Amino acid sequence: MVENREVARIFDEIADILEVLDGDKFKIRAYRRAARTIENLTADLSRFKSKNELKKLPGIGDALAKKIYEIITTGRLKYYEDLRNSLPAGLLELLSIPGVGPKTVAKLFRECGITDIASLERAAKNHELQHLFGMGAKTEEKILKGIALYRRQKERTPLDVAYFQAKRIVESLKNLESAVEISYAGSIRRMKETIGDIDILVASHRPRDVMDAFKTLEGVSEVIASGERKTSVIIGDIQADLRVVDPDSFGSALQYFTGSQLHNIKLRELALRKGLKLNEYGVFRQDEKIAGRREEDVYHSLGLSFIPPELREGQDEIEAAARGELPDLIELSDIRGDLHVHSDWSDGRSSIREIVDKARSLEYEYIAISDHTPAVGITGGLDEKRLIRQMDEIERINGDLDDFRVLSGIEVDIRSDNRLDLPDKILEKLDIVIAAVHTNLTQKKEEMTARILSAIENPNVDIIAHPTGRIIGKRDPYDVDIEALIDAAGSTGTILELNANPRRLDIKDTHARYAKKKGVKVAISTDAHDTSQMEYMHFGVATARRGWLEKDDVLNTRSLDELLRTLKP
Ligand code: DGT
Ligand code: CA
Ligand code: CA
């Protein structure tokens, strides 16, 4: 069955190709609009029985209905295949480079004969692009940076994509009778922000059964290597390694294959100093095995308390565990509310009431609605007037609610002139004010730092959202002195957001640890633009754990009363 998402993707790609070919503007727009219609459709396209039925959809005329029908009945679209084949094979990949759109690709192709990433890189390095209209040395630099970013991101997979895939694998293998135990290992268990490959560990007396099930999982496109104890496959564009071990050494294998490599090296050195031997089969004193079945016992046998996987990066976690001074890490169940959520008043897709329902299903006690302000440049940014109306609406909603509270908030833009996008006299009236940068991201370091500092110093600002502005694999952080921001937040009592969106995770793990050292509190928030994104919270919590944060370090673990006291002391 062809999914709606796939049909939308094909239409978007057709629009891209037509744009590269300098095709008809109206036609291009029609494909894009149809792609959006299809994406937002709740019914499966495959349920439509005829072209005429499809034509009832908004923006779908005769020609488009015919094409959709061809895709859902044959799984292919000849027009699309012909279009693709009319272009050099590597040309469309150029569109994946951040900052390169169809218009640029068209120009590069027609005026410079560039057909793939390698030839673009060569031309930019040799300054051959400069004679092109509108392309200076700066643009060449930007293109080279974009290529580097694209390559980096291509090698590693964002955490959410890998996590979703790993979860699917574990869910299906868990039910096997021959699988005694199963766990994530490697970087996915440590919840690193990007994943090289997925590692899964199974304890079993019948490894072959487990391997067979693994190789035939839905979505496996290639078996790279297949042995009795280890198999590697490609599943949904990412490599997954499965290792099967004897239940007697599951704990030590889990410890070994969770890594990180640096953590393991340090742990092995500690074992040697204690006259013990540590490997994936167990902990040994001479020939006697003193631990191996349970992972906790591996650590205990070395005189350490259990080290949570998120801390195993080979920093100073082993020393801390030896002193019994590991942090008592925050857990998802400690979270009592989400302090950064967008509603359909600005660019969110859910109503405030839908957000409240979702928050209650997550067992939260409160939620803050924090929509955008006009300077962000989206439609629906809240000006003073609409914000006041939204505050009234929230008051009404609160009137209908027992033991749950909607906080009136805003994500006020910090403009490039260092001023907030709404006057203080209205910010004062809100329960919670979040400030963030959204435009002019290329300011110089001193300028950007001063810009965010000015918001930190405003007594009406409670939280700075996504303080470094990075989009993992797509956009580097702003050039900003993050330590200076954290230091300043320490003196003003301003809270820093740890944005839980898996493509942001901003501030990141190491910054969170620095913030803790400076006594700066963190708010873990999802920045959800629809209710399903409110489930991103666990990615934020995992990143906070990687930053050694405890419950008390995080604002939204507070009860409503405590939270309000912190916000308005
Ligand atoms: P990744 O996949 O790049 O995101 O990071 P990891 O940590 O999952 O690394 P991976 O998949 O190469 O290996 C999984 C774990 O196996 C790693 O964290 C530590 C452990 N390990 C044990 N011996 C070695 C070794 O010789 N090389 C590597 N790379 N890992 C080893
Ligand atoms: Ca891995
Ligand atoms: Ca691996």
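Biologist: Which residues line the largest cavity?

Modeller: This is a predicted model, in which local features need pLDDT of at least 70, side-chain atom pairs count only at pLDDT 80 or more, and totals for chains, interfaces and linings use all residues. Residues are numbered from 1 along each chain as its sequence is written, chains are lettered from A and ligands numbered from 1 in the order in which they are written, and side-chain values use heavy atoms, without hydrogens and water. A cavity is a set of points on a 1 Å grid over the protein atoms alone where a 1.4 Å probe fits but cannot get out, and a lining residue has an atom within 4 Å of a point. The largest cavity is lined by Gln255, Tyr256, Asn264, Arg268, Leu278 and Asn279.

Biologist: How much space lies in the largest cavity?

Modeller: The structure holds 1 cavity of 30 Å³ or more. Helix H12, helix H13 and strand E8 (277–279) each supply at least two residues of its lining; helices (H or I, at least four residues) and strands (E, at least two) are DSSP runs numbered from the N terminus. A volume is the space filled by probe spheres set on grid points, which are joined across faces, edges and corners. For the largest cavity this space is about 40 Å³.

Biologist: Which element gives the largest share of the lining of the largest pocket?

Modeller: A pocket is an open set of points with protein on both sides within 12 Å along at least five of seven lines. The largest pocket has a volume of about 1900 Å³, and of its 36 lining residues the closest to its centre are Arg5, Arg9, Val161, Asp237 and Arg503. Elements that give it two or more residues include helix H1 (4–20), helix H8 (137–155) and strand E7 (238–245). The largest share, 7 residues, comes from H1.

Biologist: Why does the second largest pocket lie between two domains, and which are they?

Modeller: The second largest pocket has a volume of about 720 Å³. Its lining has 19 residues, with Lys142, Lys145, Leu441, Thr442 and Arg475 nearest its centre. Domain bounds come from an automatic or database assignment. This pocket lies between the domains because both give residues to its lining: domain 2 (92–152) and domain 5 (332–567).

Biologist: Is His466 buried or exposed?

Modeller: His466 has a positive phi of about 20° although it is not a glycine, and its place is in the loop between strand E15 (463–464) and H20. Buried means under 20% relative accessible area, exposed over 50%, and partly exposed in between (1.4 Å probe, protein chains only). At 2% relative accessibility, His466 therefore counts as buried.

Biologist: Is Gln286 buried or exposed?

Modeller: Phi of Gln286 is near 50°, a positive value in a residue other than glycine. Gln286 is found in the loop between strand E9 (282–285) and strand E10 (288–291). Its relative accessibility is 70%, so Gln286 counts as exposed.

Biologist: Which residue does a cis peptide bond join to Asp506?

Modeller: Omega of this bond is about 10°.
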